[in-house]
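Dear colleague,

Please find below the structure that I am handing over to you. My notes on it follow directly after.

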Amino acid sequence: MDASTVDAREAAHFGAMAAEWWDPTGSSAMLHRLNPPRLTYLRARIDAHWGGDAASFTPLAGKRALDMGCGAGLLAEPLARMGAAVTGVDASAEVIAVARAHAGSLAIDYRVGGVEAVAGERFDLVTSLEVIEHVVDPGVFVHGLAAALAPGGLLVLSTPNRTPLSRLAMITLAEGTGRIPRGTHDHAKFLTPDELTRLLDGAGLRVTDVQGLAFSPGRGFHLSDSTALDYFVTAVGS
């Protein structure tokens, strides 16, 4: 990925949230609520792809994982506990500093930058959750992720869908009431599942699964057949 794919304004926006990233009641509270269904989905895709034992605590033992747009490590740390050698990359130096401080004994290789920070490297698992809607050029970004994927590897993305529901829920309500900091999202930059699938196809990848992420007052965020709010996409080399 060209360095220009990193949006400096987006990096600054998330950098300003760095100090509260690990506070489940702070400005990143929504990310904490997203993490359980994220991990449920990821674990299912990991086990399905590599034929793993669902009872194992370390399904990624012996594998390299890249979390692109890792923030302060909400996903990178669980990936490391699953046994992976994890590299986490984020455009915000402030956020990476918090990630390094929080990692403790977990040996996670945190780097500041975009996909260019891992140029020439290959990873068995590449994740980038709620990130593509914040980059300058999604097509170039996807090509960068594809270049980082090792043969036989697994790529998992998530992003909001560009629908009236996502505008209402994520911008009008969540940002309008302060549940998410104002300016976090630009509805015009959200991608539909078809649009993201075409980008992945164009990068030489094959989509193997699409699953929705929904919200209800009773259940909170949960996996769903509906992609109207947000969704996951899993892809492999074609």
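Which residue with a positive phi follows helix 7? Gly204 does, and its phi is near 85°. Please keep in mind throughout that this is a predicted model.

**Helix 7**

Helix 7 covers residues 193-202, and its buried residues are Pro193, Leu196 and Leu200. Viewed down the helix axis, these buried residues fall within an arc of 70°, so they line one face of helix 7. Asp194, Arg198 and Gly202, on the other side of the helix, are exposed. The partners against which the buried residues of helix 7 pack are helix 5 (138-148), strand 5 (149-160), strand 6 (205-216) and strand 8 (230-237).

**Aromatic pairs**

Across the whole structure, two aromatic pairs were found. Tyr41 and Phe232 form a stacked pair, with 4.5 Å from centre to centre and 15° between the planes. Because Tyr41 belongs to helix 2 and Phe232 to strand 8, this pair ties together parts that are 191 residues apart in sequence. Both Tyr41 and Phe232 are buried.

**Salt bridges**

The count of salt bridges comes to six. One of them also involves helix 2 (residues 29-50), where Arg43 and Asp47 lie four residues apart, about one turn of the helix. Their side chains meet at 3.0 Å, N to O, and Arg43 and Asp47 are both buried.

Arg64 counts as partly exposed because its relative accessibility is 30%. Salt bridges that share partners join Arg64, Asp109, Arg111 and Glu121 into one network.

**A residue with a positive phi**

Most residues other than glycine have a negative phi. Glu130 is not a glycine, yet its phi is positive, at about 60°. This residue is located in the loop between strand 4 and helix 5. Is Glu130 buried or exposed? With a relative accessible area of 12%, Glu130 is buried, because buried means under 20%.

Leu165, Leu168 and Leu173 make a nonpolar surface patch of about 250 Å². Of these residues, Leu173 has its place in helix 6 (residues 164-175). Its relative accessibility is 43%, so Leu173 counts as partly exposed.

**Points to look at in the viewer**

- The stacked rings of Tyr41 and Phe232.
- The network that joins Arg64, Asp109, Arg111 and Glu121.
- The surface patch made by Leu165, Leu168 and Leu173.

With kind regards

Conventions:
Residues are numbered from 1 along each chain as its sequence is written. This is a predicted model: local features need pLDDT of at least 70, side-chain atom pairs count only at pLDDT 80 or more; totals for chains, interfaces and linings use all residues. Side-chain values use heavy atoms; hydrogens and water are left out. Patches are made of residues with over 30% relative accessible area and no salt bridge: like charges are joined within 9 Å, nonpolar side chains (Val, Leu, Ile, Met, Phe, Trp, Tyr) within 5 Å. Accessible areas come from the Shrake-Rupley method with a 1.4 Å probe; for residues, only the protein chains shown count as cover. A salt bridge is a side-chain nitrogen of Lys or Arg within 4 Å of a carboxyl oxygen of Asp or Glu. Helices (H or I, at least four residues) and strands (E, at least two) are DSSP runs, numbered from the N terminus. Buried means under 20% relative accessible area, exposed over 50%, partly exposed in between (1.4 Å probe, protein chains only). The arc is that of the directions from the helix axis to the C-beta atoms. Contact means heavy atoms within 4.5 Å. Rings of Phe, Tyr and Trp (its six-membered ring) pair if their centres lie within 6.5 Å; planes under 30 degrees apart count as stacked, over 60 as edge-to-face and the rest as tilted.
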